[in-house]
Amino acid sequence: MHSFPGIVAVGHINEAIDEGNPLKTLDTLLLPTAKIKNVDPDYAQHYQDVLYHAKSQKLVDSESVSKVLWLDEIQHAVNEANMDKDKTKQWVTLVIDVNQCLDKEKPSDILSVLKSSMSNTNDVIPECADKYYDALAKAKENKSESVSTEGSWLKFSLQDKYEYYYNIDSKESSWVTPEPYLPKESWLTKKEIEAFWKGCKQRKAYLNRRQMLINNVDSIVKIQSWFRMVVARRNYLARLQYFRDHKNEIVKIQSLLRANKARDDYKTLVGSENPPLTVIRKFVHLLDQSNLDFQEELEVARLREEVVTKIRANQQLEKDLNLMDIKIGLLVKNRITLEDVISHRTKLNKKKGGEMQILNNTDNQGIKSLSKERRKTLETYQQLFYLLQTNPSYLAKLIFQMPQNKSTKFMDTVIFTLYNYASNQREEYLLLKLFKTALEEEIKSKVDQVQDIVTGNPTVIKMVVSFNRGARGQNTLRQLLAPVVKEILDDKSLAINTSPVEVYKAWVNQLETQTGEASKLPYDVTTEQALTYPEVKNKLEASIENLRRVTDKVLNSIISSLDLLPYGLRYIAKVLKNSIHEKFPDATEDELLKIVGNLLYYRYMNPAIVAPDGFDIIDMTAGGQINPDQRRNLGSVAKVLQHAASNKLFEGENEHLSSMNNYLSETYQEFRKYFKEACNVPEPEEKFNMDKYTDVVTVSKPVIYISIEEIISTHSLLLEHQEAIAGDKQDLLNELLESLGEVPSVESFLGEGAVDPNDPNKANTLNQLSKIEISLYLTSKYDLGDGEAIDGQSLMIKTKKLIIDVIRNQPGNSLPEILETPATTQQETDHARDMVSRAIIDSQAPEEMKHSQSMVEDAQLPLEQKKRKIQRNLRTLEQTGHVSSKNKYQDILNEIAKDIRNQRIHRKLRKAELAKLQQTLKALNEKAAFYEDQINYYDTYIKTCLDNLKRRNSRRSIKLDGKGEPKGAKRSKPVRYTAAKLHEKGVLLGIDDLQTNQFKNVTFDIISTEDVGIFDVRSKFLGVEMEKVQLNIQDLLQMQYEGVAVMKMFDKVKVNVNLLIYLLNKKFYGK
């Protein structure tokens, strides 16, 4: 510890240091109590500088507790200053002696001068004495040349903190800058002198080291090699251990990099206008057909065949069940005999038991049963149906050449069969092209004003709606409406009645039930009278509120499910809107959207809301039905939505619902957006990725399943209307029809021996055989064949296949480079092995999926021969303008890239189609099961009727003739009316191009046919007999139900639908 006097001395010294007065600091250092040793009064200034610097360092030191210098620290600073004094003396001696030696030009003294001034004499090398002198002399000479005037002061820097000055003349020294200060600039400084001798020393050491290395090169190389090996091995092991420690992360990074590279390559393949050959080569393996491809193609074909067969069987079963409904209804009303119903029941049971399955067997037995002579005819039919399928103009014209009743049946059978009920992407695309062409033709030729689409019953619109409500679109309607419809049906408390009269009567009945007395209120009232009662108004308002609430649910379900609407329906809505706008450019957007709404809501959705049981929207048990209250609830909702979709307010007889008009306007705006967005769909080419090459690159040929009867019927219709649908004699259709010749009979189509000529039931057997379905593998008449002339398109395809084989085994930056570079032996070997593998896979492919013989032969060529053939083909293609050598045949490479993209899309679509077909087949099986339940229900009903007859011990029919003998329903006599009489009754509204006063010269004969509910109408216009028109009572009732008030017969006679139904009921059913 420091004594008290020492502490006082420390305080004085620190105060003096802070004041910055060197003399005062010196006095405090000399205090006896401080006991500071070796203090030299001549160095007072340097002591002050060193002590001040030491204290400053202590002040900034955060770890220092005390901020003053203590005696030991002061003593250390004084000692440091004294050491600086010794250093300065040594430096001054060195500078003076060396410069004086140089001034006196005494080279011999330079070594002794340097050694005497150096603390370590070993640093001075005697052998370098001359070099020392020469270098120092030259440096001094150069420095002296630039000096004009100079003083006598020398300046030295210590530790870059303190400066020391020495006057060589007066021998004075100072630690502060003297006044005046003129430096001795011609003399060499300490640093300059040291630099020269140190440089010589380093050069000497370097030369010695270099010589030593030269003398030991071999040993040094060994040492370096060993050392590098050790370092490399250590780094390698460390790196290897690092990889092992981070194996999972490295795998992820590698996977990511590879994926990014592959993704970039695929983006180039997909997005680049001209993808390079190097990228295409990486993806050509995607064009290979694997066993999985063949299996999936076969599974799709099998499911498609099963779906088409099931659809046709269900359609026929549904027709028979509907007819059974009518027959039972007429039986109840004593219109036909029980024997007629039993006869139809037997027919149904046969179909249920498997007879229809035999008739509809499509396992190619039809083809196998054909004789060899008929194969050519069959091939021509395959070409004919391919032409009809891919060129929609023929069928579009044919539809409008036939009477409406025939065209409807033709559409429901042959047309949908021809397109396999759109069971895959290709056929849906082609069917939509037919719908589009036919709709545009119908609008162009048969629509005279915008509203004709709404008020009439356009053939194509009916066909589109029918198709989309069938097996393909049924599931969509179910998904769209089933949840909300089921919710309405399940709500037992919901009772919507917007008829004031009905509400009034229900209220009166309720009063009488509750009181047990007859009400004094009138029973028959008008709408206005009913609305005068507050109770009726309150019940009506409650119904309207419930109606608005329930309608909102249905509306939201429709609006939010736009994506569920079938693409085909939306596309036809778009075509309808554009076609109407093209024909009627002045039509407003609202008018166009109302027409779209008429298709999407009124024709497609509305009937399914009103009668969900009739459209498989809900599951119904056999014999189950929707009760009247539920039906009225659904009908009320449908009525409001119908008004909203057409922007029609409640007026006139619906004036009591006018409170909902604001709601109707708001709902219309929602529908308007919905209809507009529904038309926003891509073209089928983009949606289905189809083009003119699609059929050529597809693995399997398109196939349809069609009955012999339908083939013969189509052939007959084409010949009948040949001139109208193919007026050009050079038309391909005419060529094919000429090849087929006359329409064959069923027997001639099957060939001799197909039916026993002595068979007493020959007609019935032929009828059954005509319903056998056969598979037609559709082909173009101008498909590639061995030895046939090759056009540009087919040559392009063959050349592409050859190029793919070549680039797979021989790399290169461009096609010309590959073709001009000879293939190596290894490349030829690899190519031959690939071709053998492909041949094995092709041999396992089904017959219809195999390549043509010419392509098989091309595949077997060696690599070099393929390249020569490619070069010949490319020259031919360049002459036809398909490719160009100027861009290194990039056009054909672009086509290969397109094939790769399409193959990927095709595989993706095929998987989606498989799932869709499985889903459709499941729904069809469920529907068939429901029909079977319905048949069982009818069986039970008829059995009950038979039991009742047995109990009466009577076999007589329900309706007998005058003699009491059982007879079936008699065919009614024709009912004849003049046009004037029908006009008087209001049934006939007008006849185009005929005045009213001429109606007496026009007659109509209405004849009831053997088919229940079917009537033939024959007419004579001014003595000219017109063609027959067939009326179906069910169609008329459907039109009445849909609100169609006026229809056309013979394309010129306008009739009132409601009064026509009344007339038929009165005259033929006694109603």
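**Contacts, cores and a helix pair**

A: This is a predicted model, and a place to begin is T799, which touches I870, N873, L874, L877 and I892 once residues up to four places away in sequence are left out.

Q: Which helix is T799 found in?
A: T799 belongs to helix α36, which spans residues 792–809.

Q: And is T799 buried or exposed?
A: T799 counts as buried, because its relative accessible area is 0% and the cut-off for buried is under 20%.

Q: Changing topic, how many residues does the largest nonpolar core have?
A: That core has 144 residues, and those with the most contacts inside it are F385, Y601, F671 and L733. Its largest share comes from helix α26, residues 589–610, which contributes 13 residues.

Q: What is L733 in contact with, leaving aside its neighbours within four places in sequence?
A: L733 is in contact with L384, L387, L388 and Y394, and also with L718, I725 and A726.

Q: What does the second core include?
A: The second core, which is separate and has 41 residues, includes A34, V78, A139 and Y166.

Q: Back to α26: at what angle do α25 and α26 pack?
A: Helix α25, residues 567–583, packs with α26 at an angle of about 145°, their axes being 10 Å apart, and the crossing of the two is right-handed.

Q: Which residues meet there, in α25 and in α26?
A: Among them are L569, I572 and L576 in α25, which along with others meet α26 residues including L592, V596 and Y604.

Technical notes:
Residues are numbered from 1 along each chain as its sequence is written. This is a predicted model: local features need pLDDT of at least 70, side-chain atom pairs count only at pLDDT 80 or more; totals for chains, interfaces and linings use all residues. Side-chain values use heavy atoms; hydrogens and water are left out. A nonpolar core is a set of buried Ala, Val, Leu, Ile, Met, Phe, Trp, Tyr and Cys residues joined through side-chain atoms within 4.5 Å. Buried means under 20% relative accessible area, exposed over 50%, partly exposed in between (1.4 Å probe, protein chains only). Helices (H or I, at least four residues) and strands (E, at least two) are DSSP runs, numbered from the N terminus. Contact means heavy atoms within 4.5 Å. Axes are lines fitted to C-alpha atoms, for helices over the stretch in contact, and angles run from 0 to 180 degrees between N-to-C directions. A crossing is left-handed if the near helix is turned anticlockwise from the far one by less than a right angle, and right-handed if clockwise.
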